[in-house]
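I opened the notebook to look up strand pairing and chain contacts. My entries follow.

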Protein chains: 2
Amino acid sequence: MTAPDTPSVVRHRVRSGAYHDSIVLMRLQSSLADLDGVEDAGAVMATDTNLALLRANRLLPDPIPKAGPEDLWIAVRAETAEQAEAALEEIDALLAHRNSDTDGSWRPRSLRGASRLLPGARWVLISVPGRFAAGVARQALDMHRNVFLYSDNVSLDDERELKRLARDRGLFVLGPDCGTAMIGGTGLGFANRTRRGPVGLIAASGTGLQAVASRVHALGEGISHAIGTGGRDLHREIGAITTLQALDLLARDSFTRVICLISKPPSPEVAAKILRAASRLEKPVVVGFLGYPSPGRRLGNLHFARDLEEIADLALECLASTATPPSDGGAARPSYPRAYLRGLFSGGTLAYEALLSLRPLLLPLASNLGADGVEPLDDPTRSSGHCIVDLGADELTVGRLHPMMDPDAAKRRLEQEAADPEVAVILMDLVLGDVAHENPAATLVDTIAAICDRPDSPRIVLAVIGTEQDPQGLEQQMEALREAGAQVCLGLRDAIDACLHLLPEQTSPEQTSSSAPEAEKQPDPKDLEGPISAWNVGLESLHDSLVGQTSEVLHVEWRPPAGGNERLAALLKKLS
Amino acid sequence: MTAPDTPSVVRHRVRSGAYHDSIVLMRLQSSLADLDGVEDAGAVMATDTNLALLRANRLLPDPIPKAGPEDLWIAVRAETAEQAEAALEEIDALLAHRNSDTDGSWRPRSLRGASRLLPGARWVLISVPGRFAAGVARQALDMHRNVFLYSDNVSLDDERELKRLARDRGLFVLGPDCGTAMIGGTGLGFANRTRRGPVGLIAASGTGLQAVASRVHALGEGISHAIGTGGRDLHREIGAITTLQALDLLARDSFTRVICLISKPPSPEVAAKILRAASRLEKPVVVGFLGYPSPGRRLGNLHFARDLEEIADLALECLASTATPPSDGGAARPSYPRAYLRGLFSGGTLAYEALLSLRPLLLPLASNLGADGVEPLDDPTRSSGHCIVDLGADELTVGRLHPMMDPDAAKRRLEQEAADPEVAVILMDLVLGDVAHENPAATLVDTIAAICDRPDSPRIVLAVIGTEQDPQGLEQQMEALREAGAQVCLGLRDAIDACLHLLPEQTSPEQTSSSAPEAEKQPDPKDLEGPISAWNVGLESLHDSLVGQTSEVLHVEWRPPAGGNERLAALLKKLS
């Protein structure tokens with residue numbers, strides 16, 4: 001720290017249009033700071049933010065002189081002007097020293113060259129500056145290689161185009177801004193060393209994946225593959241292309257026994273798309289959408305985590321669990337066109353919980369209860385599609401008894417729903433206790449029995465709330481409903497599970513409504529097999545890390561077109 | 001069911017301005033339906049919805065004749081016109097039969113009368129129609145009684161006025177639309193029979209409370225008190241008046257060992273207000289805001305549930321847990337004016353999780369990461385107030401290395417934050433693994449030690465992510481940071497806990513900023529002691545239920561002013 005009474009001197013150099021690897025600049029900065037009399041040093045590309053940072057560290061004059069993001073700025077703060085100038089004189093030597101630092105083996109300068117030296121590589125690691133990254137990635141895809149795209153500052157349009165291209169060819173684009181992945185036991189980018197095991201990770205971003213992988217390891221288990229998708233994969237514009245590819249691949253990977261999804265909350269439509277895809281898998285899936293309103297602890301094979309550590313904990317619980325999913329009692333799923341669920345609730349909060357739980361899976365879902373992503377029911381006395389009705393809502397009870405006292409409205413509505421040939425499952429609650437009807441099951445059993453006696457009728461699932469001390473008798477009520485032919489559950493969660501088992505397989509709207517079927521090829525599981533073989537374009541540290549993990553890797557001595565001078569590059573392109 | 005080839009006949013009667021208890025109407029309807037030749041019957045107040053329901057059940061002509069919500073409609077569908085007319089002739093006899101059904105003992109017709117007969121009652125149960133309910137409740141509060149307000153269709157303005165009045169007098173208004181409560185072992189309204197125990201419930205609505213109470217009982221534990229607040233208590237306009245009163249009272253109740261909050265998601269401001277109040281209690285609080293984005297599994301004494309059943313499960317876990325809250329290592333909390341937390345993160349997802357976790361408790365919270373309810377940081381290089389900075393965000397890394405490779409930016413920012421005299425705690429992450437800096441702790445220890453050596457310096461908390469196989473050495477990194485004076489945690493959750501322990505007690509903005517201190521009286525714990533003594537105004541079934549629970553209850557033979565004819569009532573009021 002400099003005592004305030006020692007005035008110090010700042011000197012700087014600008015090198016226009018000079019491109020340098022960020023690692024090189026960091027080493028330069030650090031070497032300058034070590035020189036005699038130097039208090040602090042900075043070597044950065046002259047973006048607005050970088051210059052502001054230099055200024056905040058008293059490394060720049062105020063006002064800041066004009067400079068562009070393609071200019072290299074080097075500033076030194078020293079005790080005397082002589083020491084500052086002396087330090088700046090060292091720049092070339094320090095940069096040159098760095099340049100001779102390689103091991104001397106010949107390196108290709110292009111992907112084309114790399115393909116001759118290491119033709120078996122299935123992956124290309126790209127960490128060149130954002131404005132060049134999409135071009136390199138496109139080239140890699142054209143050469144039919146998977147891309148690990150570490151670079152950030154790639155446009156959303158480029159990302160969408162690259163990912164669609166990759167999907168059509170059965171390839172992955174992990175990223176852009178993909179900090180980390182673990183493929184076949186090899187860490188790409190930032191990665192913690194963990195043992196291999198049955199936990200597969202799919203993560204939008206970097207440190208979320210690292211935190212979960214580290215905890216899985218600390219708990220004694222390991223990672224099969226960890227697939228980074230980049231932070232924007234779950235944006236509506238991208239539509240989770242990479243996440244859905246990864247889900248599909250990990251579902252087919254025999255080594256992976258549980259899959260974890262890690263992300264900031266996606267847009268509701270994208271969340272629904274992912275959750276529907278995940279709910280169709282036979283493996284348990286831990287959903288760690290941080291800040292996403294949870295549809296419950298569990299929904300079929302989906303387990304919802306509240307924080308990063310819990311993602312790992314739930315994955316291990318899934319591995320340890322020998323519980324079988326709730327049986328549907330041997331009842332055959334109703335046949336088409338019976339497709340819809342109708343929920344009839346006397347309890348508002350039960351209706352709301354059912355709504356939250358089913359909202360991501362049953363689309364569109366309508367209700368007379370308001371909730372984001374739920375269609376309002378214009379006429380609460382008429383259902384359509386998937387529908388949850390709160391029979392106790394004010395608009396249905398003015399001048400009437402609450403449906404928990406008078407199950408008549410519920411009974412009539414049950415008949416109405418059962419008469420609809422599109423209804424597959426009717427979910428109802430039955431709440432016991434003081435003030436509730438003295439024998440609600442008795443008011444319903446004839447209607448239920450009549451419905452169940454009809455051929456190809458909808459299934460009826462009852463969620464009963466009560467205790468064995470309640471005046472109506474919990475076991476008697478449940479038994480009467482069961483005898484009438486309903487599937488009867490204590491509490492709502494098991495009832496929701498039962499409904500999901502009874503509904504016909506959902507065809508997702510995006511599959512049926514797409515105007516033209518997209519050419520889509522499944523990624524090849526072999527591309528995930530370790531040890532990884534890869535080409536590296538950009539930061540050398542990504543190359544060094546693979547060497548340290550005894551993977552096969554070839555560094556490409558990439559330089560930006562025209563040395564990073566974009567006007568010149570454009571001119572050259574025009575000429576060629 | 002009627003076969004479609006048997007035409008049936010519908011006949012109806014209208015009784016203008018007639019008021020009848022809904023229970024009476026339900027019994028009338030059921031008795032009519034039992035008569036010879038009658039297929040179906042309806043007896044309802046002629047609201048639009050009721051008439052639509054009658055029509056849906058083929059009990060009304062189409063178009064529906066003009067009628068108002070104060071008119072009683074009675075309709076019968078029978079096989080022949082004679083049978084229908086014969087049934088309608090029975091109406092008076094059936095209603096009269098009902099009228100002689102009481103036990104004959106004299107009943108007061110007003111609260112004033114009730115106060116002479118049962119002066120010790122501390123509660124008034126009100127279930128008269130919504131348009132009369134606020135008046136009766138106001139009268140009860142004026143007589144210094146707590147109100148259980150079962151009625152719905154009470155205006156938001158009336159609710160706010162009633163609740164403020166109650167709060168000023170140290171009384172409760174549970175409701176409006178409060179379906180259920182359990183006070184001192186007595187169920188009010190809809191309630192399941194459960195054993196008494198150490199679990200206290202506060203619920204906005206009815207069946208949520210019942211579902212949780214039933215499950216607590218099923219798991220072998222019991223309920224101390226269950227306080228229903230009405231579905232709108234957490235609306236911004238009401239501001240959780242009753243919920244905050246209930247929290248305060250259950251915190252002081254020695255029998256209650258864990259408190260559960262059950263609700264649909266409140267508005268973000270109200271959620272923050274409740275969570276801040278709850279976080280200051282010494283008892284564990286299970287937060288069951290269905291559909292609320294969870295700030296994590298646990299935050300200090302707050303435990304977040306994902307569904308109704310989990311609320312009960314977490315309550316029991318809290319009772320069983322002997323875990324002590326994480327110690328702050330004996331470090332004294334920094335003194336004022338050091339009040340703020342600054343989070344400096346190289347990992348974006350870690351920053352985001354910290355943001356989500358702290359958002360409800362530290363208000364206002366700023367960040368360069370976007371999230372609902374978080375203030376944007378205009379200049380990401382400058383912090384103010386409580387602040388979480390993602391140092392790896394694009395705007396801070398253009399042309400620079402990621403801060404996990406180059407901890408220089410983090411070190412400089414740490415110095416900057418430590419120099420701010422308003423900062424109490426600085427939270428940082430440190431991520432190990434391949435490609436990350438080879439010894440990040442070493443780059444930070446001198447700075448940390450220098451800060452910690454200063455008198456009255458801010459505390460520094462490190463969240464370390466990594467495994468013991470990582471090249472940097474997990475234990476060595478943690479030990480070096482610890483020796484420098486930081487509090488070091490493996491993973492983010494413990495680090496967040498540590499920060500909450502180190503921050504000075506938060507004074508909530510609503511307490512400091514309120515222009516005039518509100519007259520507020522704490523409710524009297526004696527009002528919760530069983531057995532309950534109450535007056536009942538409205539539905540007789542609420543009275544009968546208390547009798548069945550051997551509580552002291554007096555039914556008031558309330559009739560609406562002018563027999564429910566509002567024009568006449570207004571006229572009478574003018575004359576009086």
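I started at one residue pair: Trp123(B) stands opposite Asn146(B) in β5(B). I noted that this is a predicted model, where local features need pLDDT of at least 70, side-chain atom pairs count only at pLDDT 80 or more, and totals for chains, interfaces and linings use all residues. Residues are numbered from 1 along each chain as its sequence is written, with chains lettered from A and ligands numbered from 1 in the order in which they are written.

Next, the strands (DSSP runs of E, at least two residues, numbered from the N terminus). I found β4 (residues 123-126) of chain B paired in the parallel sense with β5 (residues 146-149) of chain B over four bridges. Pairing here takes at least two DSSP bridges between two strands. I then traced the open sheet in chain B: five strands, parallel, in the order β6-β5-β4-β22-β23. Its edges are β6 (173-174) and β23 (552-556) of chain B, each pairing on one side only.

I turned to the two copies.

Last, the interface. I counted 84 residues from chain A and 84 residues from chain B in the contact (C-beta atoms, placed from the backbone, within 7 Å). Helix α8 (residues 206-218) of chain A gives the largest share of chain A's side, nine residues; a helix is a DSSP run of H or I, at least four residues. 100% of the interface residues of chain A are also interface residues in chain B, so the copies meet through the same surface.

Terms used:
Contact = placed C-beta atoms within 7 Å.
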